Amino acid sequence: MLGAHLARLGVTATHHVAHPRHTVAQALRIIQVAHSSSSIEYKPIKSVLVANRGEIAIRVFRACTELGIKSVAVYSEQDKMHMHRQKADESYIIGQGLPPVDAYLSIPEIIRVAKENDVDAIHPGYGFLSERSDFTQACLDHNLRFIGPSPEVVQKMGDKVVARQMAINAGVQVVPGTDHPVITADKAYDFCIKYGLPVMLKAAYGGGGRGMRVVRELAEVKESFNRASSEAEAAFGNGAMFIEKFIEKPRHIELQVLGDKAGNVVHLYERDCSVQRRHQKLVEVAPAPNLDQRIREAMAADAVKLCKSVGYENAGTVEFLLDNQGNYYFIEVNARLQVEHTVTEEITGIDLVQSQIRITEGMTLPELGMTQEKIIPQGCAIQCRVTTEDPAKSFQPDTGRLEVFRSGEGMGIRLDGASAYAGAIISPYYDSLLMKTNIPFLLNVLENQKFLNGTIDTTFIDENPQLFQFQPSQNRAQKLLNYLGNVLVNGPLTPLATGLKPAEVYAVIPETPAATDPPRGLKDILVAEGPEGFAKAVRNHKGLLLMDTTFRDAHQSLLATRVRTHDLLKISPFVSHNFNSLYSLENWGGATFDVALRFLHECPWERLEEMRKLIPNIPFQMLLRGANGVGYTSYPDNAVYKFCELSVKAGMDVFRVFDSLNYLPNLILGIDAVGNAGGVIEAAISYSGDITDPSRKKYTLEYYMNLADELVKAGTHVLCIKDMAGLLKPQAAKVLISALRERYPDLPIHVHTHDTSGAGVASMLECAYAGADAVDVAVDSMSGMTSQPSMGAVVASLMGHELDTGMDLDKISKYSAFWEQTRTLYAPFECAVTMKSGNADVYQNEIPGGQYTNLQFQAFSLGLGDQFEAVKKAYREANLLLGDLIKVTPSSKVVGDLAQFMVQNKLSAADVENGAENLSLPKSVIEFIQGYLGEPYGGFPEPLRTRGLPIVKGRPGATMTPMNFADIKSDLVEGHGSRITDYDVLSYAMYPKVTEDYLFFRNKYGPVDKLDTRIFLTGPKVGEEFEVQIEKGKTLHIKTLAMAEDLNANGEREVFFELNGQLRSVMVRDQEAVKEMHVHPKVSPGVKGQVGAPMPGTVVDIRVKVGDKVKKGSPLVVLSAMKMEMIVQCPCDGVVNTLDITKDMKLQGDDLVLTIDPQ
């Protein structure tokens, strides 16, 4: 019937024919055209080619699908995997051999594809050719309809100078500016001289913030012009610029307009686009909040008036700046669809893309139901743009592979996207827009009170730095997959000491009552009565108290300190419920601190806090190296005081304060620091020699008693004998402890020892009988050899005795069983590989237990594994060369380093003495003889002391400049992000380089401390499934699927996982394979003078050459990415040492650009 009616109206097949898929309503509109607008030909569109890419291409395809129109995509070689080509009905490659952007700017290529594939019309999208009149004309010349304004209008509106004149002719107020495009920096300079600053440089033939600069200083005019012109040339194919006076703090208001072929023009109300950075819009709101109705109506009238005056057809945007006096100024017309068209669609209910197509077909606005009185806005809409730019780094663009994507969903959310899916490749060649939704920075904008009040202008982002204060996404799961992938591809990321592999066992954790508090212990007394009350309770206790070293010194001695927090926390509840009578639990300080950061990649402070939560009733004990803190050298006093303060805050109770030389000033500093922090002071006398041997004249009973007197005067709560090598023989133990007990009947005495000789249990029993209150033990399966005496053996030996410990052997057995299994996970660090039993030669070499196994592993790593007996002999000789030292960290390291040096260089003690002035001794030895550890009892050794080196007299820390913790934190935040804590600051204070490396590792690989130990050390097997609890209530289920055999061009292998049932993959560079490939080097984190690419991009200009002297902040290189140019600035004064790039080279983020020798 409809066809017959059309025939009666005389409508021919070539004039106003309905498309077979048009609706009846659309066909009726065609009849209306025939009745009322016979001068306008209606010609349906059957196919549309979109000369664009990304989300706008997909947006147009959606409109085509809804209208029953075939969609055609074009794509560059670089976009062959891009989503937009998959969303179209047909897609064709263009610009083969051309640069990525040039492909979409190639008019002949686009016309060719359209003609070859029977395309009716071309939609330009936005950007690229959308405002090029020559493209519009080319379409018409080839009988292709252009979905947009006519070439004449595109020419007039695309030329900002002509558009400005057209506005003046139409009676619309404009901003003062140039009358014609400016093409040279000299002309721009002349304009600024004549009219003054500030000015706005704008691309004459494009928009979207590309090629825009605000210039406030005359000296910046030419540089800014050249950069802006270069951007405009890259983005729009024409580098001509328009210059106008810059309006301070305006609102940016734009009017959406539609015009048809009959001369009708309507507006669809305004949008507020004032939230911008680099003159690109980030957030758009429709309608504009708090806009005076009179201004709204006047702006709309001017927009319509201007468009009618030029015969505007199709969609466009008229843009104004509104100052704080209510004056508004025309700035430009965007003769195309805008990114932010979505918010207008939401408040008007009008599909702008469909309207564009209908208008191009020949329908008028009235026929589309779009007369001005019928267009009524309802509600409001906000659009946010998610880009691959980092707001925390001045919005630097980023590119690469999108590893994780989770979309915002729900009522009232609209997502217009293209590249946002896991596995998508974000190219450096195009706009960084991903999709329109929310990210943390945008949430800060939306929640800002000024924004909510609608009182913002275009300086909003610049004047509100708090918008950048947000916690970036942790992305822990993906970081862990990156870690696992790296281990699978490149092997363990923590060095393994032996060839043994971790056992495939899951240690059985003995049962603990659920949801019940553990029984009270000495920690409760400490909390209630303070350190003095604690000491009194210890002294009044009837039986022998034990300190369990399993959580620290035992595994330091047997497993190179490698036991991880993950395993310690598993057994903590059992310890808390079953060993509440312990004097203390040694679990922190010393080597634990260093190894946790350096090798286990975990935070020692977090370990302490987590253990305290699980063990609230037992006092914790740590080793404090006096003025050396937990490091290997001296520190400013305030560092030690601050360290103790934070340690108490994190959960530490008892501080065993010692000095590696028994140097009293260093000890006193540590005692004062602990006392100020509110901790229990356990001042320790480090024991060496043999007080029962009359021939040993240096460390006598009198020496130890005099030292004890000084420590008691200093205010210690507990006195400790620290027998770090296990040299305290049973008879010597009886003599020493009896003498101390007689002199100090009310002072608690604690004895620490090692069982290297095998006499540890006997010695500790003698200590107990002589009056010691507490002795050290380790659980049976972690005892013996260089560890502590057996807990079970000591407990059993005292059963029924007046010193009975009251501990249950059955519970000790369960505790031991857990550690027996857990120990097998650490097989790569097992001391039993090289040490099969205890050895009484310790009485000769005096090697501390905690150092013995580490010294063995060091010997193996230096190729001296088969010479360990020689190393032990050299240790004894080195000790005597150095004056027979008290040997405990760090002085024991000095002796050990000298011993290995002697063996490695085949030197005898005489050789060292005779060549003292000429030998390149280890750094630790040099620093010792300079006095950096303090002064040894009996003085410094000669001839080593006399080497012409600077000498430190007295306590080294006393003359050191205090550390500025605020500056350290500021530097760490700058380098590692806002998650830096005071704990990180103190870690850095003790171990600067180690902490920096740890922070880089944590940021790259996430919470690796949550992985099971075997998987952490050697990675999972292909096909293995396992779980990772990253926090309470959040568990990841991971399955390792496969690893690619082939490498990509960057030397990477793809490793596939299943994460919580979803496929994930990571790209990992194969470090062995890339040795045979040319892969551009990366900057090394923390290395001063190395300059890396701040973003992926192309080198467009190199401003320096090797040998040039450069100043901090001076320009080095210009990079271009995503149509934005960035100047790489010099980080420090210096001389250019290497130049690792060439012009037009394509770089990835952190690729090495050049190196500078800092001056």
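The model is predicted: local features need pLDDT of at least 70, side-chain atom pairs count only at pLDDT 80 or more, and totals for chains, interfaces and linings use all residues. Residues are numbered from 1 along each chain as its sequence is written, and side-chain values use heavy atoms, with hydrogens and water left out. Helices (H or I, at least four residues) and strands (E, at least two) are DSSP runs numbered from the N terminus.

**Cavities**
- A cavity is a set of points, on a 1 Å grid over the protein atoms alone, where a 1.4 Å probe fits but cannot get out.
- Residues lining the largest cavity (an atom within 4 Å of a point) include Tyr-506, Asp-567, Lys-570, Leu-825 and Arg-1014.
- Helices α20 (565-578) and α39 (1013-1018) each supply at least two residues of this lining, and α39 gives the largest share, three residues.
- The lining has six nonpolar, one polar and four charged residues, where Ala, Val, Leu, Ile, Met, Phe, Trp, Tyr, Cys and Pro count as nonpolar, Asp, Glu, Lys and Arg as charged, and the others, Gly among them, as polar.

**Helix pair α25 and α26**
- The axes of α25 (residues 701-713) and α26 (residues 730-743) come within 11 Å and cross at roughly 35 degrees; axes are lines fitted to C-alpha atoms over the stretch in contact, and angles run from 0 to 180 degrees between N-to-C directions.
- Contact (heavy atoms within 4.5 Å) involves Leu-701, Tyr-704, Met-705, Ala-708 and Asp-709 of α25, and Val-735, Leu-736, Ala-739, Leu-740 and Arg-743 of α26.
- These contact residues divide into eight nonpolar, no polar and two charged.

**Annotated site**
- An unreviewed UniProt entry places a "binding site" at Asp-553, Lys-722, His-752 and His-754; such annotations may be inferred rather than shown by experiment.
- The four positions are spread over 202 residues of sequence but cluster in space, with a largest C-alpha distance of 12.3 Å.
- Asp-553 is in helix α19 (residues 553-559).

**Backbone features**
- Leu-197 and Pro-198 are joined by a cis peptide bond with omega about 0 degrees; Pro-198 lies in the loop between α10 (185-195) and β6 (199-203).
- The bond from Ala-286 to Pro-287 is also cis, with omega near -10 degrees.

Methods. 1 Å grid on protein atoms, 1.4 Å probe; cavity = no way out; pocket = protein on both sides within 12 Å on 5 of 7 lines; lining within 4 Å.
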